[in-house]
Amino acid sequence: FSQIYNLGLTRRQEMEYAYRGEILTSSGCGRMDQVCAYGETPVFLTFDADEMEIEELFPRQPIYMIIADLNKGKNTKKILSDLNHHFMKGTGQVQERLRYALGYANKEILMDAKQALQQGDSARLGQLMNKAQRLFDECILPACPEELTAPTLHEVLSCPDIQDLIWGGKGVGSQGDGCVQFVARGLAEQEE
């Protein structure tokens, strides 16, 4: 709308309106979805409560990604509600592992991934995606197993027919059987 009607909104303003629009629909979404406004430009997000900082990244070499819809359903509201509940309340192994995975371990993987992306190191980025998926399955999945067990996602991630074509992969967003993402080994492998 900003472009069509010459509203002159900045990208950040567009993102803010998109977020507020989603909140009005009671979707319970987070702020990450709005980075779609950056298109193909990779961005690194840093959060402090409800504030988000965005840093554009410029890889030294192309990184060939594949993102696929798994054509299965998932209940994002339930996933986010359960994760928020366990993250914010109570003590126990599920809560401690969830906080570790979404806190310190997540930050460590993301800093490594940022560096790999900037260097154009597809192999390292794929390895980090695999590591992030293992961490998710071990520490986050138990907080909402009915939605996060995701049999289709795991079947696709472990499919033997694609292992020689990819460096690694993981679920997208709140995970579940929604979408999967891979780092392809190159352009030809991405197409295949």
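Biologist: Which residues form a nonpolar patch on the surface?

Modeller: Keeping in mind that this is a predicted model, the patch is formed by Phe1, Ile4, Tyr5 and Leu7, which together have about 550 Å² of accessible area.

Biologist: Where does Phe1 lie, and is Phe1 buried or exposed?

Modeller: Phe1 belongs to the segment that comes before helix H1, residues 11–24, and it counts as exposed because its relative accessibility is 73%.

Biologist: Changing topic, what is the strand order in the open sheet?

Modeller: The three strands run in the order S3-S5-S4, and their pairing is antiparallel. S3 (65–69) and S4 (166–171) stand at the edges with a single partner strand each, so one side of each has no neighbour in the sheet. From one strand to the next, the twist averages 20°.

Biologist: And how many bridges are there between S4 and S5?

Modeller: There are five bridges between S4 and S5, the latter covering residues 179–184, and the pairing is in the antiparallel sense. As one point of reference along S5, Gln181 is the residue that stands opposite Lys170.

Biologist: Which helix packs on that sheet?

Modeller: That is helix H4, residues 122–140, which touches S3, S4 and S5 and whose direction makes about 35° with that of S4.

Biologist: OK, charges next. How many salt bridges does a search of the whole structure find?

Modeller: The search finds six salt bridges, and among them is one between the side chains of Glu108 and Lys131, at 4.0 Å from N to O. Glu108 lies in helix H3 (residues 93–119) and Lys131 in helix H4, so this pair ties together parts that are 23 residues apart in sequence. Glu108 is partly exposed at 34% relative accessibility, and Lys131 is partly exposed at 33%.

Biologist: What about Arg124, which residue does it form a salt bridge with?

Modeller: Its partner is Asp112, with the closest N and O atoms 3.6 Å apart. This pair also links distant parts of the chain, since Arg124 is in helix H4 and Asp112 is in helix H3, 12 residues apart. Arg124 counts as partly exposed at 32% relative accessibility, and Asp112 is partly exposed as well, with a relative accessible area of 27%.

Biologist: Which residues do salt bridges that share partners join into one network?

Modeller: The network consists of Lys78, Asp82 and Glu146. Within it, the side chains of Asp82 and Lys78 meet at 2.8 Å, N to O, and both residues lie in helix H2, four residues apart, which is about one turn of the helix.

Biologist: Why does Asp82 count as buried?

Modeller: Its relative accessibility is 16%, and therefore it falls under the 20% limit for buried residues. Lys78, in contrast, counts as partly exposed at 29%. Leaving aside residues up to four places away in sequence, Asp82 touches Ala143, Cys144 and Glu146.

Biologist: One last thing, the backbone. What is the phi of Asn71, and what is the phi of Ala150?

Modeller: Phi is near 55° for Asn71 and near 45° for Ala150, a positive value in a residue other than glycine in each case. Asn71 sits in the loop between S3 and H2 and is exposed, with a relative accessible area of 64%. Ala150 sits in the loop between helix H5 (145–148) and helix H6 (151–157), but this residue is buried, with a relative accessible area of 2%.

Terms used: Residues numbered from 1 in each chain as written. Predicted model: local features only at pLDDT ≥ 70, side-chain atom pairs only at ≥ 80, totals over all residues. Heavy atoms only, no water. Pairing = 2+ DSSP bridges. Helix = DSSP H or I, 4+ residues; strand = E, 2+ residues; numbered from the N terminus. Axes fitted to C-alpha atoms, helices over the stretch in contact; angles between N-to-C directions. Contact = heavy atoms within 4.5 Å. Patch = residues over 30% accessible without salt bridge, like charges linked within 9 Å, V, L, I, M, F, W, Y side chains within 5 Å. Areas by Shrake-Rupley, 256 points an atom, 1.4 Å probe, with all protein chains shown as cover. Buried < 20%, exposed > 50% of the residue type's maximum accessible area, 1.4 Å probe, protein only.
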